[in-house]
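Please read it alongside the structure shown here.

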Amino acid sequence: MPDKKGSNPQPSPLPAPDVYKVFTPEFDTVAYDPLDPPKRYHTGIYVEKDVENQQGSFFNVTGDIIAQSGMRFEVKDDYIPATTEYFHKTTEIGWIRKADFSRIRDILEALPRPTKQQGLDFWSMDPAKRNKLTWTKQNGELYGPGEQRRPIIKCNEWTHQLAIPKLRHEGILHG
């Protein structure tokens, strides 16, 4: 799958007729987060079902971590990542057997989704902190002084730390 600049990643061997290639595309749609300033790209797992048209299914979590419900699981079928203006690049991560494709949705949908992790500080007695974006516990409570904050989990972490390892562990994702 070519990236936006027209260059191709290292070509992989032609897939057998009974497999689909799997990628992690990245999109420049992530809003700047002052609490987590490194540049991030939205990502998920893309299964290319039609090589000629580069069309397939994109599995991801979307939404935001300031919402009470956190992020939600989403599948986009008949999707072509490189056609969106926000497409940044893609990385091939392996392949699946066509026969296993129908299992992916249920496995990924069952994974924990990123929960609420941020909120606005409405309660601070310090006017400089009041109404500022802050890290919160899942229930929306602020962390106390010296209390350790849980690790950030957004679409990147969901994809690379949960989804890909789970698909490999289940014997679905190979390569």
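Predicted model: local features only at pLDDT ≥ 70, side-chain atom pairs only at ≥ 80, totals over all residues.

How many salt bridges are there between domain 1 and domain 2?

1. The count of salt bridges between domain 1 and domain 2 is 0. By class, the side of domain 1 that touches domain 2 comprises 6 nonpolar, 1 polar and 2 charged residues.

2. As to the assignment itself, domain 1 is made up of two segments, 19-113 and 152-174, while domain 2 covers 118-151. A distance of 30 Å separates the C-alpha centres of the two domains.

3. The interface involves 9 residues of domain 1, in contact with 10 residues of domain 2. Between them the domains bury about 780 Å², of which 60% is on carbon and sulfur atoms. On the side of domain 1, the most area is lost by Leu-35, Ile-66 and Ile-152, which together account for 64% of what that side buries.

4. Regarding secondary structure, the protein chain contains 8 strands and 2 helices. Their order along the sequence is β-β-β-β-β-β-α-β-β-α.

5. Some values describe the protein chain as a whole. Its C-alpha atoms fill a box of roughly 65 × 35 × 25 Å along the principal axes. Of the 175 residues, 41% are buried. Among contacts between residues at least 6 apart in sequence, 61% join residues at least 24 apart.

Conventions:
Residues numbered from 1 in each chain as written. Heavy atoms only, no water. Domains from an automatic or database assignment. Contact = heavy atoms within 4.5 Å. Buried area = accessible area lost by both parts, 1.4 Å probe. Salt bridge = Lys/Arg side-chain N within 4 Å of Asp/Glu carboxyl O. Nonpolar A, V, L, I, M, F, W, Y, C, P; charged D, E, K, R; others polar. Helix = DSSP H or I, 4+ residues; strand = E, 2+ residues; numbered from the N terminus. Buried < 20%, exposed > 50% of the residue type's maximum accessible area, 1.4 Å probe, protein only.
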